[in-house]
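Visitor: I'd like to learn how to read a few features off a model. Could you walk me through them?

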Amino acid sequence: MAIKVSKTEKKVQYDKKLCRLLDEYSQILIVEADNVGSKQLQDIRKGLRGDSVVLMGKNTMMKRSIRLHAEATGNDSFSKLVPLLVGNVGLIFTKGDLKEVKEEIAKYKVGAPARVGLIAPIDVTVPPGNTGLDPSQTSFFQVLNIPTKINKGTVEITMSVELIKKGEKVGSSESALLSKLGIRPFSYGLIVTSVYDDGSVFSPEVLDLTEDDVALKFASGVTNLTSLSLAVSYPSLAAAPAMFAASYRNVLSVAVETEYSFPQAEDVKEYLKDPSKFAAAMAAPAAAAAPSGGGAAAGGGGAKEEKKPEPEDDSDDDVGMGGLFD
């Protein structure tokens, strides 16, 4: 005969389990479990078994256990979990890759009908086409202002219609129509709302970032830092090249306008005094490249033997053509 465990003992066991998981795991996914059934949750537990543990419970009990454990261990980072425990939520403790665990959780979404009173998580659109319903069912479509026509004894929707908008409550007419059409527009599963990783809390969207996204964000930050440094004339590693270049241009401008000079300014002064030197300097690389192309062409031409003029052929006389004109 199984021994019945009291509520107090259950709370003690739950507290011990939660504290043990907090000590054992440094990565936690906070998930929303609205409209998730027990069978669906069981499948998720099986799918994550091995390196992850799913823990559900009352928010007040979880908050109390986390606060007491944070005080007992002196680890205040656990307290960051308390504000996240709002609504119908649970905790997934994991040692695996956070992104892979999040993707595994998303696989267990289950389609659900639009029940009356539910808040629509997405827009619901009824597509055009034959519904297979008999003409007596047209009243549903008329109430919802859905254009239809009778085609071969069945009701056909003539154009796509947005039936329910995201955030609206599902009415009885919408629910009945979608049920008759066999449309299950909603899908429910555990939704990751926050991520706890060794004391840091961040949004789950961070897990979807790629290396290219990180590089782009870093480049954008360097650009902003450079712009700020240049605007306030504050030297930084990012702005140093631009500052040196601007300083060089300023000193060069002074040298050009005055008798002051330095080695790097001599060539510029010479070019300004005699622009033809600049033109000659620009033409030099082109002239250096020309012989290679021209030499190849010349070599190719030299390799060809000149076609010698053919000697006059007297074959006409041999066949008697010469005597024809005598």
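Guide: Start with burial: buried means under 20% relative accessible area, exposed over 50%, and partly exposed in between, with a 1.4 Å probe and protein chains only. Helices (H or I, at least four residues) and strands (E, at least two) are DSSP runs numbered from the N terminus. This is a predicted model, where local features need pLDDT of at least 70, side-chain atom pairs count only at pLDDT 80 or more, and totals for chains, interfaces and linings use all residues. Residues are numbered from 1 along each chain as its sequence is written, and side-chain values use heavy atoms, with hydrogens and water left out.

Visitor: How many helices and strands are there, and what share of the residues is buried?

Guide: The protein has twelve helices and twelve strands. Of its 326 residues, 27% count as buried.

Visitor: Which residues of helix 2 are buried, and which exposed ones sit on the face turned away?

Guide: An α-helix has 3.6 residues a turn, so residues three or four places apart point the same way. In helix 2 (residues 38–48), the buried ones are Gln-40, Leu-41, Ile-44 and Leu-48. They share one side of helix 2 because their arc around the axis is only 100°, taking the directions from the helix axis to the C-beta atoms. Ser-38 and Lys-39 are exposed on the face turned away from that buried side.

Visitor: What do the buried residues of helix 2 pack against?

Guide: Contact means heavy atoms within 4.5 Å. The partners here are strand 2 (52–56), strand 3, helix 4 (98–106), strand 4 (110–112) and strand 10 (186–188). After helix 2 comes Gly-50, with a positive phi near 130°.

Visitor: On to charges. How many salt bridges are there?

Guide: Side chains of opposite charge can pair when their charged atoms come close. The rule is a side-chain nitrogen of Lys or Arg within 4 Å of a carboxyl oxygen of Asp or Glu, and the count comes to five. One of them joins Arg-20 to Glu-24, with the closest N and O atoms 3.4 Å apart. Both lie in helix 1 (residues 7–24), four residues apart, or about one turn. Lys-95 also bridges to Glu-24, at 3.6 Å between the closest N and O atoms. That pair links distant parts of the chain, 71 residues apart: Lys-95 is in the loop between strand 3 and helix 4, Glu-24 in helix 1.

Visitor: Are those three residues buried or exposed?

Guide: Arg-20 counts as partly exposed at 45% relative accessibility, as does Glu-24 at 38%. Lys-95, at 53%, counts as exposed.

Visitor: What does the side chain of Ser-77 join?

Guide: A polar contact is a pair of N or O atoms within 3.5 Å; within protein, one must be able to donate a hydrogen and the other to accept it, and residues adjacent in sequence count only if both atoms are side-chain atoms. Ser-77 makes one of 3.1 Å, side chain to side chain, with Tyr-196. Ser-77 lies in the loop between helix 3 (59–73) and strand 3 (89–94), and counts as buried at 16% relative accessibility.
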